[in-house]
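Below is a short report on one protein chain. Please look at the sequence and the structure before reading on.

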Amino acid sequence: MSEIKAMQNTDIKLWIKDKENCFSPSVHATQDGCIGINVGGTVIVKPIEVWHHLESSLASAKAELAELRQIANTYDCKTAEKDGEIAELKKQVEKMKTLLEIAKCPACDGSGVIAIQISSRRLVSRDMAMDAGDPSLEGSLYSDAEWEPEQCQWCYEKNEILKKYSKELEF
Ligand SMILES: [Zn+2]
């Protein structure tokens, strides 16, 4: 008995497009103050205020969508711009790599080694010659200049840069 009661339709039929056809579009009011619209068997029920508000919310939704589309467009442009900038930078780096590869070292002969003088030649003084018992030694050399090989800083940095950028640009 109670089940039948629950299924009882309390809607108030307000209007039907075609009175001869029960499937035709219709409007009804529910007991709790909502308006239901039935078209093709799909019923949409909303409080009357919501129905009324639909038009303005649709307008603001459209405006919001237009704004979002514009942001998306700007974003695409920015991304394209960034891609262009990156491509341009890569080109510049390639150019600089080529220049660096053929550049002559301003510090060494290009071997990457610089000879550093650690001692200079010395001449035998008069006292030293007298001490040695041979005055003719005065003015002669008693030691040669000494040199030590050292890595050229310029060549080292150049090689590090070329190594770094040949790795980074491989993608
Ligand atoms: Zn060098």
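**The model and its confidence**

This is a predicted model, in which local features need pLDDT of at least 70, side-chain atom pairs count only at pLDDT 80 or more, and totals for chains, interfaces and linings use all residues. Residues are numbered from 1 along each chain as its sequence is written. The term pLDDT stands for the predictor's confidence in each residue, from 0 to 100. Its mean over the chain is 88, and 93% of the residues reach 70 or more. Over residues 1-7 the pLDDT stays under 50, and the model has 0 contacts beyond four places in sequence for them. Two residues are in contact if their C-beta atoms, placed from the backbone, lie within 7 Å. Where pLDDT is low, the predicted coordinates should not be read in detail.

**The whole chain**

The chain has 4 helices and 8 strands. Helices (H or I, at least four residues) and strands (E, at least two) are DSSP runs, numbered from the N terminus. Starting at that terminus, the order of elements is α-β-β-β-β-α-β-β-α-β-β-α.

Along its principal axes, the C-alpha trace spans about 145 × 40 × 25 Å. The radius of gyration of the chain is 47 Å, whereas a compact globule of 171 residues would have one near 16 Å. This radius is taken over C-alpha atoms, and the globule rule is 2.2 Å times the number of residues to the power 0.38.

The chain is divided into domain 1 (2-59) and domain 2 (118-147), with bounds that come from an automatic or database domain assignment. Taken over C-alpha atoms, the centres of domain 1 and domain 2 are 120 Å apart. Among contacts between residues at least 6 apart in sequence, 40% join residues at least 24 apart.

How many of the 171 residues count as buried? The share is 1%. A residue is buried if 20 or more other C-beta atoms, placed from the backbone, lie within 10 Å of its own, exposed if 12 or fewer, and partly exposed in between.

**Helix α2**

Helix α2 covers residues 48-102. Its end C-alpha atoms are 81 Å apart, which agrees with the 81 Å that its 55 residues should span at 1.5 Å a residue. The expected span is 1.5 Å times one less than the number of residues. A kink of about 40° in α2 is centred on L54; the bend at a residue is the angle between axes fitted to the seven residues ending there and the seven starting there. α2 is hardly covered, with 0 buried residues among its 55.

Residues of α2 include S56, E67 and E81. S56 counts as exposed because it has 9 C-beta neighbours inside 10 Å. E67 is exposed, with 10 other C-beta atoms within 10 Å. E81 counts as exposed because it has 10 C-beta neighbours inside 10 Å.

The table pairs each of these residues with another residue of the chain.

| Pair | Separation along the chain | C-alpha distance |
|---|---|---|
| S56 and K164 | 108 residues | 59 Å |
| E67 and G139 | 72 residues | 93 Å |
| E81 and G33 | 48 residues | 56 Å |
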